[in-house]
Amino acid sequence: MRLERRWRPSVLAVPCLGLALLLAGPRALAREQASANRQQHALVSVLDKNNAPVTGLTAPDFTVREDDVAREVIGVAPAPAPAHIVLLVDDSQSMSEAIPYLRDGLKGFITQLSSGTPAPQIRLMTFGDRPTLRSDFTTSASQLQKAADRIFAQSGAGSRFLEAIVETGHMLRTKRIADAAIVALVNEASPEFSEDSRRGVEEALRASGATLWAAVMQSPRGGGGQSTEGRERAMVLGDTTRDSGGINLMVLGAQGVASALPTLATALASRYDVTYGRPDRLIPPTRLAVDVRDQPATVAVRRWAPQ
């Protein structure tokens, strides 16, 4: 008699198959996560020689470098204005003649950004004598404009600009507010009395992720730049403003304030989201450079590379 041995599936087959399926999910997820980690984003504003936004740019128009190493630009898309904006306004004694133009400039800034979709939350502060909250974060244009109308130059007061930035940076970090911009109006004739240094300002901006934009009233009489505090402020308005991802807009005379702040509003509302590739590496880059090909332009981008 012939005995036939019939094959039976091993009892281990089903558990092994289940284990393979369980491992496949996390591995696929890990691959997707690694791919996403290799893609980085840079928020960029591009301005022409008249400080007007350059529109219609596409991926081939941009170059991206990290630590002077070229990166592949994957895509470019329009980006909205920052979700949160803090207005820091000089109301020291030196602003006496400029207050009417300052109010007009603030109203133009507020009106322009409040009409966007989505409208950003805007906070208004002054820093003559000390940083002072005038209106907390709101999307209400009327509330902000009423606060702007209540701004007057403070007799005998100097500037606490650097202190206001550090305080704002700490507030943004504490509230975990991302994608924020600090927009400042500074009169260079105002003596600076902050005890904070450029290093402290830079640390506050790095920690909060905020960009710093400034409109600076030039003064033929000079003023704050002659003291140690004034020199620290000048360095912040120069290198730190640029490195954080903003620009420094020079204003000639009090009347120029009325148009300077709306100009900054236009730049903030005309950003690009530039997506680029970064290979896996153990040491993260420290510097980011984004430029536009074949045309002279001012490119505002956070030069401290994303980690």
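**Entry 1: H4 and H5**

I began with helix H4 (residues 161–174) and helix H5 (residues 198–208), whose axes lie 8 Å apart at an angle of about 25°. The model is a predicted one: local features need pLDDT of at least 70, side-chain atom pairs count only at pLDDT 80 or more, and totals for chains, interfaces and linings use all residues. Residues are numbered from 1 along each chain as its sequence is written, and side-chain values use heavy atoms, with hydrogens and water left out.

I noted the terms as I went. Helices (H or I, at least four residues) and strands (E, at least two) are DSSP runs, numbered from the N terminus. Axes are lines fitted to C-alpha atoms, for helices over the stretch in contact, and angles run from 0 to 180 degrees between N-to-C directions. Angles under 35 degrees count as roughly parallel, over 145 as roughly antiparallel, 65 to 115 as roughly perpendicular and the rest as oblique.

H4 and H5 are therefore roughly parallel to each other. Their crossing is left-handed (the near helix is turned anticlockwise from the far one by less than a right angle; clockwise would be right-handed).

Next I looked up the contact (heavy atoms within 4.5 Å). From H4 come Leu-162, Ile-165, Val-166, Gly-169, Leu-172 and Arg-173; from H5 come Gly-200, Val-201, Ala-204, Leu-205, Ala-207 and Ser-208. By class, I find eight nonpolar, three polar and one charged in the contact of H4 with H5. Here Ala, Val, Leu, Ile, Met, Phe, Trp, Tyr, Cys and Pro count as nonpolar, Asp, Glu, Lys and Arg as charged, and the others, Gly among them, as polar.

**Entry 2: H4 and H6**

I stayed with H4 and turned to helix H6 (residues 228–244). The angle of this pair is about 55°, and the axes are 10 Å apart. That makes H4 oblique to H6. H4 gives Phe-161, Leu-162 and Ile-165; H6 gives Glu-229, Glu-232, Arg-233, Val-236 and Leu-237. The contact of H4 with H6 has five nonpolar, no polar and three charged residues.

**Entry 3: H2 and H3**

How far apart are the axes of H2 and H3? I read 9 Å, with an angle of about 170°. That makes H2 roughly antiparallel to H3. On H2 I listed Arg-103, Leu-106, Lys-107, Ile-110, Thr-111 and Ser-114; on H3, Ala-141, Leu-144, Gln-145, Ala-148 and Asp-149. These divide into five nonpolar, three polar and three charged.

**Entry 4: the cores**

I then looked for nonpolar cores (sets of buried Ala, Val, Leu, Ile, Met, Phe, Trp, Tyr and Cys residues joined through side-chain atoms within 4.5 Å). Buried means under 20% relative accessible area, exposed over 50%, partly exposed in between (1.4 Å probe, protein chains only).

The largest core has 37 residues, and Leu-102, Leu-106, Phe-109, Val-183 and Trp-213 have the most contacts inside it. Among the elements that supply at least two residues each are helix H2 (99–114), strand S8 (180–187) and helix H7 (257–268). H7 gives the largest share, seven residues.

I checked the surroundings of Leu-102. Not counting residues up to four places away in sequence, Leu-102 touches Val-89, Asp-90, Met-95, Ile-151, Leu-185, Val-257 and Leu-261. Apart from this core lies another, of 26 residues, including Val-166, Ala-184, Leu-205 and Ala-210.

**Entry 5: Trp-304**

Trp-304 sits in the segment after strand S13 (298–301). Is Trp-304 buried or exposed? At 5% relative accessibility, Trp-304 counts as buried. Leaving aside neighbours within four places in sequence, Trp-304 is in contact with Glu-202, Leu-205, Arg-206, Asp-243, Ser-244, Thr-286 and Arg-287. Trp-304 and Gly-209 are 95 residues apart in sequence, yet 9.6 Å apart in space, C-alpha to C-alpha.

**Entry 6: backbone notes**

Most residues other than glycine have a negative phi, and most peptide bonds are trans. I looked for exceptions.

A cis peptide bond joins Thr-117 and Pro-118, with omega about 0°. Pro-118 lies in the loop between H2 and S6.

Asp-68 has a positive phi of about 70°. Asp-68 lies in the loop between strand S2 (62–66) and strand S3 (69–71), and at 59% relative accessibility counts as exposed.

Asp-129 has a positive phi too, near 75°. Its loop runs between S6 and strand S7 (132–138). At 37% relative accessibility, Asp-129 counts as partly exposed.

**Entry 7: the whole chain**

Last, I took the totals. The protein has seven helices and 13 strands. Of its 307 residues, 43% count as buried. Residues 24 or more positions apart make up 81% of the contacts with a separation of 6 or more.
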